There are 2 protein chains.
Amino acid sequence: MPESTAAYRPTPRTVPTRARERAAYDRELVHGILDEAYVCHLGFVRDGAPVVLPTLYARVGERLYVHGSTGSRPLRMVAADGGTERADGETDPGLAVCLTVTHVDGLVLARAAFHHSINYRSVVVHGIARQVTDAGERRTALDAIVDHAVPGRSLDSRPANARELAATAVIRLDLDEVSAKVRTGGPNDDPEDMTLPHWAGVVPLARGYGAPVPSDDLDPAITPPDYLSAL
Amino acid sequence: MPESTAAYRPTPRTVPTRARERAAYDRELVHGILDEAYVCHLGFVRDGAPVVLPTLYARVGERLYVHGSTGSRPLRMVAADGGTERADGETDPGLAVCLTVTHVDGLVLARAAFHHSINYRSVVVHGIARQVTDAGERRTALDAIVDHAVPGRSLDSRPANARELAATAVIRLDLDEVSAKVRTGGPNDDPEDMTLPHWAGVVPLARGYGAPVPSDDLDPAITPPDYLSAL
């Protein structure tokens, strides 16, 4: 049961070649970074070349879900791809992906141009994306994707009907080969630069929410629900 | 001169298979999206599998620059890779990459779960990343990367010295095969759902800047420079 350990096991491709002190494998840290973002960047290989697309997603336990039109490229590739040959010679349907999530938390200004940086938190997940065909798991995934953006919203909207479900592909990616990378704190200037006359420090960045804008055709009697204030 | 046209020329991989009305090729739109973000997601293929890493970058005209330690994986791959075979059979050194930038501008809440979405602006660049070896172009790129985060900052910091330059790899990616994708506006609910009792509309999202936090070891006489107020 991988869920019972506190950390993901590092693998050759989740151990960075540099800045190793910034790498982390703690599950709670990883979950927090994944849950806070709205969009991930999903990478896959098509005709030998890399493709990176932004997409919505959600985490349910140790599994990530991505959805999209059955006509979209990566989702068609997962469905159609004969996939990956396993060590035992059998074919394992699915698509090799890398799913990355990044938060930019601050601009780091150092006295030296070389030491300029950003404070950030990122998660990189490697694995094989597989199509979800089970009706119950598909419902769970689609609710989770709506609730990932606005917690509680799936209970306050019309559930997908049969036509909509047929038009929607859902893929899953297990959280198995996973790493986080985090930079915090101020600039790391060299001792000999400390007396230079340049300002040094951090400009914090954070997400800001504007007031909800009702749809033009919304009945004015329907006021913004409480779960929007929690954002 | 590709710079003299107002738009990038669509190619098979920059024309989406769906939501084509959201695709755009206008150079000014693309430049604006690229210039506003701090981090891109750089995708490449290693050992046949996709890798997507967040990284700093800057645009100079019709070229993007990414920098990093000479020890980092993609930068080593660009330097070492024999690269891509051209149609004429010659080898073209460089690394096939996909560089993607995304802004999340709002959460779109529809009456139907199926029509939930986000408002976003993204740019996807396909191409071959090549190492920059010319000293002048390297300086230009490194200044641009500092100024991309904080305009004007490269003139108010110590320029890289020979040791720092030797430790820094710079790669470039021409803006040639490029597309933007943009969603704006409210939810697109179906007519039969208009009388449902659920709130519908958009929650706007925007980047917020905190007050600059000086480094612990900063001389208190050095106050935040004017160019920080412009952020």
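Predicted model: local features only at pLDDT ≥ 70, side-chain atom pairs only at ≥ 80, totals over all residues.
Local features need pLDDT of at least 70 and side-chain atom pairs count only at pLDDT 80 or more, while totals for chains, interfaces and linings use all residues. Residues are numbered from 1 along each chain as its sequence is written, and chains are lettered from A in the order in which they are written.

**Exercise 1.** Describe the side of chain B that touches chain A.

Step 1. Contact requires C-beta atoms, placed from the backbone, to lie within 7 Å. By this criterion, 81 residues of chain B are in contact with 81 residues of chain A.

Step 2. Helices (H or I, at least four residues) and strands (E, at least two) are DSSP runs, numbered from the N terminus. Strand 12 of chain B gives the most to this side, with nine residues.

**Exercise 2.** Identify the strand of chain B that pairs with strand 13 of chain A.

Step 1. Pairing requires DSSP to find at least two bridges between two strands.

Step 2. Strand 13 (residues 213–214) of chain A pairs with strand 12 of chain B in the antiparallel sense, over two bridges. Within that strand of chain B, B:V202 is the bridge partner of A:V213.

**Exercise 3.** Determine whether B:A37 is buried, partly exposed or exposed.

Step 1. B:A37 lies in the loop between helix 1 (27–36) and strand 2 of chain B.

Step 2. A residue is buried with 20 or more other C-beta atoms within 10 Å of its own, exposed with 12 or fewer, and partly exposed in between, C-beta atoms being placed from the backbone. B:A37 is partly exposed because 19 other C-beta atoms lie within 10 Å.

Step 3. Leaving aside neighbours within four places in sequence, B:A37 is in contact with B:V101 and B:H103.

How values were computed
Contact = placed C-beta atoms within 7 Å.
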